[in-house]
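Please read it alongside the structure shown here.

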Amino acid sequence: RESDHRAWTPVTYTVTRQNATVQGLIQGKAYFFRIAAENIIGMGPFTETTKEILIRDPITVPDRPEDLEVKAVTKNSVTLTWNPPKYNGGSDITMYVLESRLIGKDKFHKVTKEKMLDRKFTVEGLKEGDTYEYRVSACNIVGQGKPSFCTKPITCKDEIAPPTLDLDFRDKLIVRVGEAFSLTGRYSGKPAPKVTWLKDDVVVKEDDRIKIKTTPTTLCLGILKSVREDTGRYCVTVENSTGSRKGFCQVNVVDRPSPPVGPVIFDEVFKDHMVVSWKPPLDDGGSEITNYIIEKKDTHKDLWMPVTSTTVKTTCKIPKLLEGREYQIRIYAENLYGISDPLISDEMKAKDRFRVPDAPEQPIIKDVTKDSAVVVWNKPYDGGKPITNYIVEKKETMATRWVKATKDPIFPGTKFKVPDLLEGCQYEFRVSAENEIGVGDPSPPSKPIFARDPIAKPSPPVNPEAVDKTKNSVDLSWQPPRHDGNGKIIGYLIEFQKVGDEEWKQANLTADSCPETNYKVTGLTEGLTYKFRVKAVNAAGESDPAHVPDPVEVKDRLEPPELILDANMAREQHVKAGDTLRLSAVIKGVPFPKVTWKKEDHEVSPKADIEVTGVGSKLEIRNTVHEDGGMYSLTVENPAGSKTVSVKVVVLDKPGPPRNLKISDVRSDSCYLTWMEPEDDGGSVITNYVVERKDVASAQWVAISSSSKKRSHMAKYLMEGTQYLFRVAAENQYGRGPYVETLKPIKAIDPLHPPGPPKNLHHVDVDKTEVSLVWNRPDRDGGAEITGYLVEYQEDGADEWTKFQTVPMLDCVVTGL
């Protein structure tokens, strides 16, 4: 039966021997077998195999390994390889046994204990000159098989073979930029040669583009996406101890040329043609420049027109130009591999080398009278031909047409007196130069001038006087001069002199800094005495000076302080909390008074911004609070006196908390609250009080009155036995103030009183030492359940009562009498 089945299958019924062959078994499956003997009486018991039997071919030792070869021999080592046996004996090879025999000896000796399953081994540590032969056997689970056939006798000595080199490339190689190329070949030699690649005698190193691949028999240098810099003489060297071989290849990586080198030089320029030149490209792309392509373009058009594409020179004539038009030239270089980027010239106008003169610079006008003016100019560039004439033109400033000043030639002088001007009119002038080519452009117009006689200096100012002074300045005033010299008065120059000095100093540097008839001279020294004088100035110059009659002593002119109050400094100023308080006043006085702000005779709050200018002062408090209210005072003081004004500031705000909140007359459903008004009403009348209550077990306050003007309230509708807190806040027109809260909760229960007296006390029984008493309940229990009755007795005639005991019921027996 199969090991994984339970049913037994009969094999045969007629075996008389003590052995049998079982056919039809499946390789790789496991079986159990059993045998029974049979005679005429019947079948005896079965005998069963003790363990399962796996069906497979019988295992033997492996065949002998094949192809044992000597791969390398040196003076102290031998390298061998072999192939596995054709049949492994039915089991995997577990190891190989390599044996060697020294020639002259009888026995083979095992070389190593290694398993050598990679079928390659190098025997080392041999003696130079000795001769060996080798054989190898395969082992499997059964044992070691037959050895292979022996190698030929091997003598330990270095194998020497000079290098050989067989190249796949020619002496020269041309590659287009961007393409890949490779230099390949085969080589041999013993010992194994070293392979070295050089480019222009420099060792080639690998990178992203350059790849070097060397096997024991082949060599390769590959370059991806070649660039111009890859051009060079490549050399491969194959070298070992016996010699070397070299191979060479001149690689030329070619491309289109770089652009011609600029700038484009215009050697000759005429009205119908030009001659241009340039320099060859810095890089010809590795191939000789075959020709240049030249094109021209009118700068007003977008179209490039061909000139020539056959020239090999670096100069070219550009024909068929239109006079006065501007042109650009562009030049390409071409080789076998393409056309370069262009070199583009600057713009150049087609015109003859000789031209009309340039425009003169702006002319200068001198010696103006009411009917004439002298025009002066500089000689301009003559355009290559001598100037033969100048043309001077005039026009009134508001006119548009220029008129020649004369029909006669003006040459060689560069100035001309223009006659026949109209008095009072404003004129401009311009000049053009002329040569044999023609008349050049006119100059820019001159500055405008009025045709009138030259002006004279003005007369002195009238009646200068000192009108004010301080400890370091003097204010002067005067009237204009009687005669302005036919010219507008530009302004006045003021000078001062310390009494006793000879030198006059200028108070202002230029007349136009003082166009009015007054001036404040500053920077004077207190206590000194000065003289002053004034000059009028027009375009012709300065007038004679006019002197202030008397010297002036520099000191403060005393004026007591004066305050002019602004509207916000009325006697009482109201401002809402959070708004800005502004107090300001205009201040006068000489010298300018010292300014002091105070609140209630103390320094004002640091949050107040105080500003003092030369004409007044301002106090400003932003985001006012109630505490900013009070009496503010402004004091101004100088040596001539002082002045103080006050203003009451009321900051209107919410009121403060009520005071002395008390609770009285607590009942099971009500209590009575009283309080006093807040210390601070916020500057406005208290309009009402807000009363709220809260169950101590609740987080929510409940309003019970929000409009009462009284300072008391009866809190009704309380829940008997519940504990309550109360709070009160005051309100005015600016809002609700903070609450005042009861310190501890109150419990809503009626107040307790002593009960009334029991009723109808009498005895029901009497003995010689005891009395039995009964009575009725009192009319009132005082607000709480009666817990007991106190029984007392008194001996007749005595003053004091004796306590007997407290009983819970309405009867008692008094004993011990």
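Arg 355 has a relative accessibility of 28%, so Arg 355 counts as partly exposed. The model is predicted. A search of the whole structure finds 30 salt bridges, some of which are described below.

**Salt bridges**

- Asp 358 and Arg 355 form a salt bridge through their side chains, at 2.6 Å from N to O.
- Asp 358, at 30% relative accessibility, is partly exposed.
- A salt bridge of 2.7 Å (N to O) joins the side chains of Arg 430 and Glu 393. Arg 430 belongs to strand 36 (residues 426-434) and Glu 393 to strand 33 (residues 389-396), so the pair ties together parts 37 residues apart in sequence. Both residues, Arg 430 and Glu 393, are buried.
- Arg 727 and Glu 692 form a salt bridge in which the closest N and O atoms are 2.7 Å apart. Because Arg 727 is in strand 61 (residues 723-732) and Glu 692 in strand 58 (residues 688-695), this pair ties together parts 35 residues apart in sequence. Arg 727 and Glu 692 are buried.
- A network of salt bridges links Glu 495, Arg 533, Lys 535 and Glu 542.

**Nonpolar cores**

- The largest nonpolar core has 20 residues, of which Leu 583, Trp 597, Tyr 632 and Leu 634 touch the most other members. Strands supplying at least two residues each include strand 49 (581-590) and strand 55 (641-652).
- A second, separate core has 19 residues, among them Tyr 187 and Val 251.

- Three strands form an open sheet in the order 5-6-9, with antiparallel pairing. Strand 5 (66-73) and strand 9 (120-124) are at the edges with a single partner strand each, so one side of each has no neighbour in the sheet.
- Leu 80 has Phe 121 in strand 9 as its bridge partner.

Note on methods. Residues are numbered from 1 along each chain as its sequence is written. This is a predicted model: local features need pLDDT of at least 70, side-chain atom pairs count only at pLDDT 80 or more; totals for chains, interfaces and linings use all residues. Side-chain values use heavy atoms; hydrogens and water are left out. A nonpolar core is a set of buried Ala, Val, Leu, Ile, Met, Phe, Trp, Tyr and Cys residues joined through side-chain atoms within 4.5 Å. Buried means under 20% relative accessible area, exposed over 50%, partly exposed in between (1.4 Å probe, protein chains only). Helices (H or I, at least four residues) and strands (E, at least two) are DSSP runs, numbered from the N terminus. Two strands pair if DSSP finds at least two bridges between them. A salt bridge is a side-chain nitrogen of Lys or Arg within 4 Å of a carboxyl oxygen of Asp or Glu.
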